[in-house]
Amino acid sequence: MMASKLHIHQIIPFSNVDGPGNRCAIFLQGCNVACVYCHNPETIPADPSFITKAHKKLGNENHNMEFLHDNIIEEGHAAKQPQIQYEEQAVWWDVDNLVEEIKKYQPFIRGITLSGGEPTLQWEAIVDLFDKIKPLGLNCLVDTNGFFDIETIQPLIEIADGFLFDVKTVKNSESLCGVPNQSALNQLNYLLQLDKIEEVRTVIISGYMDGVQTVETVAKMLLPYPHVPYRLIRVHVKGMQKHRQASLAPHIPKPTQMEMLYDSVRRIGHDNVSYVL
Amino acid sequence: MRSNMTDITSITQSKSLTYQQKLFNLANLAERLPDPKELLGYTDDEMMFLENDMICDLNEGYAPYRPRYIVPDYKVFIEKGCAFLELKPPKDLDELLDGLLILYHHVPSITSFPVYIGDLDHLMDPFIKDVEADYIKIKRFLNHVDKTIVDSFCHADIGPYKTVAGELILRAVIELENPTPNMSFKYRDDSEEDFVKKAIEACLRVAKPSFSNDALYVRDVGDHALVSCYNALPMGGGAYTLPRLRLGTIAAATSSLDEMLKKLLPRVAGCMLTMMDKRIDYIVEKSNFYETSFLNKEGFIKRENFTAMFGIVGLADAVNHFLKLEGLAERFGTSARGDAIGHQIMQQLEERVNGHHGHYVERTGGHYLLHAQVGASLSEEDKYNTPAHRIRVGEEPILPVHLKQAAPFHKYFPSGTGDLFAFDQTALDHLDAVLDIIKGAFSLDFRYITTYLKNSDLIRVTGYLVKKSEVEKVARDEVVLRDTEIFGHGTNQAAHVFDRRIRNDGE
């Protein structure tokens, strides 16, 4: 059996913001979209081997790189090859070595969370990792944008304890994420039915997405699942390069708009909702 | 150290001491006037190690007239009242709190203030009737303690299990934000989670309570209380004396680990043990403390419940000395060889201390208890002796590694040790994560944990780090995401509290 490897951008031994309790958070390299508000754009460039048939099926195999160029990297920026520049930090880890690394953080962590980038791009290696981590009594969660093929990543869906699910937008994914025709609603529904959704989130930004429609659609989907929390997060631009701050700042929603969205979720009947300003 | 007559005017004429402090210092001075060779029978060797700073007696006197730490069993007051103070057993919360405050005035210690004021929740809970009215009384009581027992070594215990009184005490402690009393939560695996989390919140906000591994202390000391800094001492008893070895200073006088382990350390340790014997003999046989103290006569304390503490500081410095001698560019805290040396030193001491026939310490199996001492800067040498078995400040590894390095050393110190860990402000919203860490530490046989909040400039929200000061400083073209695999590690400068909590979607 070939040793599987993960392309990792960063490991954070103790994190309290990537799922419940104290967890080891592992940020993978590579994403299949390029959201305008991304705060880790250096995790976007993906190793070509990650682009599988499944992605071609979903149509998101390379378009994100153009979007990355156009919207995230500054015009005329010296680094025209973000692959090289941004991937400098990323390291290939043998899954077995990663398991040993995670063991060092026991008994202080209750689980691990795979994030990134879009971790499902490396679903096979993650399955191998979870297979070896779960017997240690650690809870295994995956952060995802939901843009995956259910059939293809079935083994990951089965083995994961849960997903932290980001619903980016329910229509016009190109405007927000740089890749057209992407939808995550079927995937969300599927995971909800399996009781594998730990939490749902949506980042709210004006102009690039329809906040009201997105939030209301999700709220309705969550009605049969009152125990699933929905978190609405206001976009921010702190720490971004100047040109991005300039172009995105006008799209930061006002607190009252966040309150309105929060209220609409509750009106629809899903009480388990919160928002972050 | 011995005092002399000229020290008197330096106290009486001091511009920086209050009346109370002058009074206390004069008493301490008098206690240190007699020649210990005459009065206590100290040998030349014992005096030499005191004078060359290898042994530190924490300025305890040479004519001790009371035990260093007294741990009254305040339950006696509830059952019998106090005859000496003409107090009947309390019938309600008012009488209990008033009675305790009166009692506290009469509990001596090395600082003249009580180092233990009770397992407060156990004492108070049977008297709780009207929650809101009683809350006001409890808060007033705690504030009274802070303003009259002006010594942060005054210590109260709560736990392990949830009670109304315990919850009210935590609520008051958070609201008051007072330094005194110091507090410990006696934690057990089956302590109620919501009660523990409230205690963690208090610990982060107001630096108390700390958490003791109750199962371990019960195993090693029996019925006990956490007192003073974090000392575990027998309930209804206490400790006669606490001197300490400056391991850094001792090591610096040797040119090999072998010389340390086989020659100098046994000699100095042996002297400190016999010194302790003599001090205890004096307290028990000559000072008449137990004969004249109402606390003893009425059963708040019993002479048989007293032990004595053999303290150490400077383990890190001793180890660093030997690492250097071995030609290694490693430091205690991040060195496997360093840990091995540290354990060799501690095992030696453990054998010595446990093998020594202690005087008047029936309660702890006839021997003294090792203690990892913290605080007290009484000599230049203390700069070269890091507290307890801690790693030198600034040399600590990241939190998970630090916790695992420290845990194996806790076993040597049945009368107490404590480690301090910083958490940033996100911890307040994720108490379950802090609890995970505390549980993990105790599962490795940590004895005691203190956490504190250190507001960080660098905080994480899911998916990325935000450095608040970066907003002003973004000049580079790269998105600035500073690398930190550290959660709660104190490398960050204090900064303003991040008022907008922000999260991205993990991309």
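Me: What makes B:E380 and B:K383 a salt bridge?
Reply: The closest N and O atoms of B:E380 and B:K383 are 2.9 Å apart. A salt bridge is a side-chain nitrogen of Lys or Arg within 4 Å of a carboxyl oxygen of Asp or Glu, so the pair qualifies. Please keep in mind that this is a predicted model, where local features need pLDDT of at least 70, side-chain atom pairs count only at pLDDT 80 or more, and totals for chains, interfaces and linings use all residues. Residues are numbered from 1 along each chain as its sequence is written, chains are lettered from A and ligands numbered from 1 in the order in which they are written, and side-chain values use heavy atoms, leaving out hydrogens and water.

Me: Why is B:E380 called exposed?
Reply: Its relative accessibility is 54%. Buried means under 20% relative accessible area, exposed over 50%, and partly exposed in between (1.4 Å probe, protein chains only), so B:E380 counts as exposed.

Me: What makes B:D146 buried or exposed, and which side chain does B:D146 meet in a salt bridge?
Reply: B:D146 has 11% relative accessibility, so it counts as buried. Its salt-bridge partner is B:K147, with N to O at 2.8 Å.

Me: What do B:E395 and B:R331 tie together?
Reply: Their side chains meet in a salt bridge, N to O at 2.9 Å. B:E395 lies in the loop between β13 (369-372) and α18 (399-410) of chain B, and B:R331 in the loop between α16 (315-325) and α17 (336-355) of chain B, so the pair joins parts that are 64 residues apart in sequence. Here helices (H or I, at least four residues) and strands (E, at least two) are DSSP runs, numbered from the N terminus. B:E395, at 24% relative accessibility, counts as partly exposed, and B:R331, at 37%, is partly exposed too.

Me: How many salt bridges are there over all chains, and which residues of chain A are linked in a network?
Reply: The count comes to 45 salt bridges over all chains. In chain A, a network of salt bridges links A:D143, A:D166, A:E199, A:R201 and A:R231.

Me: Why are α4(B) and α13(B) called roughly perpendicular?
Reply: The axes of α4 (residues 44-51) and α13 (residues 257-286) of chain B cross at roughly 105° and come within 9 Å. Axes are lines fitted to C-alpha atoms, for helices over the stretch in contact, with angles from 0 to 180 degrees between N-to-C directions. Under 35 degrees counts as roughly parallel, over 145 as roughly antiparallel, 65 to 115 as roughly perpendicular and the rest as oblique, so α4(B) is roughly perpendicular to α13(B).

Me: Which residues of α4(B) make the contact with α13(B)?
Reply: B:D45, B:E46, B:M48, B:F49 and B:L50 do, against residues of α13(B) including B:L264, B:R267 and B:V268. Contact means heavy atoms within 4.5 Å.

Me: Where is B:E79 found, and how do you know whether B:E79 is exposed or buried?
Reply: B:E79 is in helix α5 (residues 75-80) of chain B. At 57% relative accessibility, B:E79 counts as exposed. Its C-alpha atom is separated by 6.0 Å from that of B:P89, 10 residues apart along the chain.
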